[in-house]
Amino acid sequence: MSIITEVIESTKAIIQGMGVTLSYIPKRKLTVQYPDEPVTMQPRYRGQHLLHVDELGREKCVACYLCAAACPSECIYIVAADDPRPPEERIGVDERYAAVYNIDYGRCIFCGYCVEACPKDAITHGYNFELSVYSRADLLKTKDDLLITKQLQSKNYRVALSHEDVDSEYKEV
Ligand code: SF4
Ligand code: SF4
C-alpha cells in the first residue's frame, strides 16, 4: 500500500470515528454523577446482607448454621448461644440465637445461597452497596453491622419501582 493510499484510508477512519463521537454529543446524557446524585438500584440487587427481626424486635436467626453450610465461600461465621429467659425477654425468637454472626465481605461473592438456605427468613440481601474500605480487615462485618435495626444505610441510591424499566443501571433519577 502506497503512502498516499495509507493517508487516505487513515483520514477516512478518523472522519468516521469523529462522526460517531459527534453524533453522541446532542443525545441525552446517561451518566449518573454519583455520589452527588443517587443511583437507581434494581429491585433484585444483592447488596450487603440484612439480619431481620420480628415485630417485637427479636432476632429471627436461630443459629442453625444452614446459611454457613450453604455458603460456597465459607465466609459466614456463627457462634450459637442459649437464652433461657422467657420468650418476651429473649434476644431472638427462639431460645437459641447467634451470639456471633460475621460475614467476611472480602470473600463473599453475593451468590445469595445463604438467603435461599435460611428456613427463618432471617437473612436477606439489602441494597447497601457502598462497602469500600481502606483495610481488608474492615470487610469483616459483625452482627451489629448486619442487623436491620443497626445497619447504616447509604443515602446515595433509590430502588427502581416495579413498573419501571430496570434493564438499564444508568437511569436518570
Ligand atoms: S452471598 Fe453467597 S458467598 Fe456471600 S455469604 Fe451468602 S452464601 Fe456466602
Ligand atoms: S441466618 Fe438463617 S440459616 Fe443462617 S443461622 Fe440464622 S436462621 Fe440459620
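Is Phe110 buried, exposed or partly exposed? Phe110 is partly exposed, because 15 other C-beta atoms lie within 10 Å. On this scale, a residue is buried with 20 or more other C-beta atoms within 10 Å of its own, exposed with 12 or fewer, and partly exposed in between, with C-beta atoms placed from the backbone.

This is a predicted model, in which local features need pLDDT of at least 70 and side-chain atom pairs count only at pLDDT 80 or more, while totals for chains, interfaces and linings use all residues. Residues are numbered from 1 along each chain as its sequence is written, and chains are lettered from A and ligands numbered from 1 in the order in which they are written.

**Backbone**

Helices (H or I, at least four residues) and strands (E, at least two) are DSSP runs, numbered from the N terminus. Helix α1 covers residues 3–24, 22 residues, and reaches 32 Å from its first C-alpha to its last. That is close to the 32 Å expected at 1.5 Å a residue, where the expected span is 1.5 Å times one less than the number of residues. The number of buried residues in α1 is zero, so the helix lies largely in the open.

Most residues other than glycine have a negative phi, and most peptide bonds are trans.

| Residue | Phi | Place |

Ala63 counts as buried because it has 22 C-beta neighbours inside 10 Å. The peptide bond from Tyr34 to Pro35 is cis, with omega near 5°. Pro35 sits in the loop between α1 and β1 (39–41).

**Sheet**

Strands pair if DSSP finds at least two bridges between them. Three strands form an open antiparallel sheet in the order β3-β4-β6. Its edge strands, β3 (76–82) and β6 (140–141), each pair on one side only. Seven bridges join β3 and β4; Ala80 stands opposite Ala98, and Ala81 has Tyr97 as its bridge partner. Two bridges join β4 and β6, where Asp104 stands opposite Leu140.

A nonpolar core is a set of buried Ala, Val, Leu, Ile, Met, Phe, Trp, Tyr and Cys residues joined through C-beta atoms within 7 Å. The largest such core has 16 residues, of which Leu51, Cys61 and Ile123 touch the most other members. Strands β2 (49–51) and β4 (96–104) each supply at least two residues of this core, and the largest share, four residues, comes from β4.

Contact requires C-beta atoms, placed from the backbone, within 7 Å. Beyond four places in sequence, the contacts of Leu51 include Cys61, Ile123 and Lys143. Lys143 is found in helix α4 (residues 143–146). With 19 C-beta neighbours inside 10 Å, Lys143 counts as partly exposed. Beyond four places in sequence, Lys143 is in contact with Leu51, Ala98, Val100 and Tyr101.

**Ligand surroundings**

A residue is near a ligand if its C-beta atom, placed from the backbone, lies within 6 Å of it. Ligand 1 is surrounded by 14 residues, the closest being Cys71, Cys108, Cys111, Tyr113 and Cys114. For ligand 2 there are 14 residues, with Cys61, Cys64, Leu66, Cys67 and Cys118 the closest. Ala, Val, Leu, Ile, Met, Phe, Trp, Tyr, Cys and Pro count as nonpolar, Asp, Glu, Lys and Arg as charged, and the others, Gly among them, as polar. The shell of ligand 1 has twelve nonpolar, two polar and no charged residues; that of ligand 2 has 13 nonpolar, no polar and one charged.

Key
Contact = placed C-beta atoms within 7 Å.
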